[in-house]
Amino acid sequence: MTEREMRKARRRAETRFDEPGQRLWNPWIPLGILAVAAFGITVLAWGFLQDEDVPSEATLRIDRESDPVSAAPAIERLRVLLASVAPAPAEMVTAPPSRWEAPLVARLVQNNDQALANLRDFLEEPDWHPRSAAWFAADLGSHDAWTSLAVLKQAEAMFQADRHNDAAAFQAALDLAELSARLQDINTWPSYQERALMLHERGCVTLALLLKTTSLPMQPLLELEEEFKACAPSDKALGAALGAAYVFEKKIMLGPMSREPLDTLPSTAQPPQFGRVLFKPNKTMRLFIDEFGRLQDEMTRPPYARTTLSAGDLAASSLTKLPNVQGTRYFADRIAPYLDLPARHGVAQARHSVVSALFIIRRFMNDMKRVPRSWADMGQVYLRKQSPPSDPFTGKPL
């Protein structure tokens, strides 16, 4: 057989057909499939294993100012206070003060003489230091006694009002507002912000009840009003709290790897989350940065223009869900308590404006012995050269 015939026979062997139009198995085909599959698996694995660079925190307003004091007496006073509070009856916790029975009120106040004395010591403590890292040592904001403490101060106000000690009744209610304002400044454990909102609400409810019937003259009411205004929920405080909440979550997730000062790490900070295939620390921190930045922006908008998202919405819409599924779930669980803070802050500001308006109206009524017809009817004497209290939800006078 000539060389030419051999080449033809070889070509025929390589292109044989068992049936017309059907080529026999080519050994290069499986090799090509394996190569494509290997490339796809490599790309997919790279997507799952590769994390992004450390995200920038430039979009967040973070106040990292700290107090170098290593121990604050106020912390120990607060610990003693919470431990001394006798539990409030369930019917007083759930019902408004206007429906409380006088014997229950008297009993609760009498059983808490020491707690009331401890609260006075705490509020009068001059060595305050709310930015000390010592506040991270224990989460006192999660103590079970907070609600009972708030109910106790409301009961004290009602107790004094029943005995026509209006000045003492107002001071008891204002203690709630002052305590709320103090807790707003503790940017360590997020639980302090929750307690601040609760205390502020109960203080406003109690003041509104007292203002319905008080006969205090104009000057004492004016002094109480000024004290109350100083305890207003502030946008600055909430903005700082949201920035601090991001830093807190960063510490909880990364522990010492967060590169935050070791003496500010919460006692529940977890070991670094690195090494888990479906948990990307940097991608997860990006989720926290974006959401806390959005919440800070929401805070600056009028309440009626704010939007509230659920943790489920955020998890479902995250573009990093597939390669970072565990990180996204972690983010959704941890971010949930913060999502309604701007809305609740707006409600607290509205509630504060209403009580401020009640102070002005009561001063006018006790002085003029009649109900005012309008804000203009009260004039600048009672408004004290200020605009009428405004409704945060509309921007118009109440």
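This is a predicted model: local features need pLDDT of at least 70, side-chain atom pairs count only at pLDDT 80 or more; totals for chains, interfaces and linings use all residues.

- Of the 17 residues of H7, 14 are buried, so the helix is largely enclosed by the rest of the structure.

**Cysteines**

- A disulfide is a covalent bond between the sulfur atoms of two cysteines.
- Zero disulfides are found in a search of the whole structure.
- Cys 204 takes part in no disulfide, and the nearest cysteine sulfur, which belongs to Cys 231, is 9.7 Å away; a disulfide would need the two sulfur atoms within 2.5 Å.
- Cys 231 is likewise in no disulfide, its nearest cysteine sulfur being that of Cys 204.
- Cys 204 is buried, with a relative accessible area of 2%, and Cys 231 is buried with a value of 7%.

**Aromatic pairs**

- A pair of aromatic rings is described by the distance of the centres and the angle of the planes.
- The structure contains 13 aromatic pairs.
- One of them joins Trp 135 and Tyr 192 edge-to-face, with 5.9 Å from centre to centre and 90° between the planes.
- Trp 135 belongs to the loop between helix H6 (113-123) and H7, while Tyr 192 belongs to helix H9 (residues 191-213), so the pair ties together parts 57 residues apart in sequence.
- Trp 135 is buried, with a relative accessible area of 1%, and Tyr 192 is buried at 0%.
- The ring centres of Phe 279 and Tyr 330 are 5.6 Å apart and their planes stand at 70°, so this pair is edge-to-face.
- Phe 279 lies in the loop between helix H11 (235-254) and helix H12 (281-300) and Tyr 330 in helix H14 (residues 325-335), so that the pair links distant parts of the chain, 51 residues apart.
- Phe 279 and Tyr 330 are both buried.
- Ring pairs also join Phe 279 and Tyr 330 into a cluster with Tyr 246, Phe 288, Phe 292, Phe 331 and Tyr 338.

**Charges over rings**

- Arg 163 places its charged end over the ring of Phe 159, 3.6 Å from the ring's centre.
- Arg 182 is positioned over the face of Trp 128, at 4.7 Å from the ring centre.

Methods: Residues are numbered from 1 along each chain as its sequence is written. Side-chain values use heavy atoms; hydrogens and water are left out. Buried means under 20% relative accessible area, exposed over 50%, partly exposed in between (1.4 Å probe, protein chains only). Helices (H or I, at least four residues) and strands (E, at least two) are DSSP runs, numbered from the N terminus. Rings of Phe, Tyr and Trp (its six-membered ring) pair if their centres lie within 6.5 Å; planes under 30 degrees apart count as stacked, over 60 as edge-to-face and the rest as tilted. A charge sits over a ring if NZ of Lys or CZ of Arg is within 6 Å of the ring centre and within 35 degrees of the ring normal.
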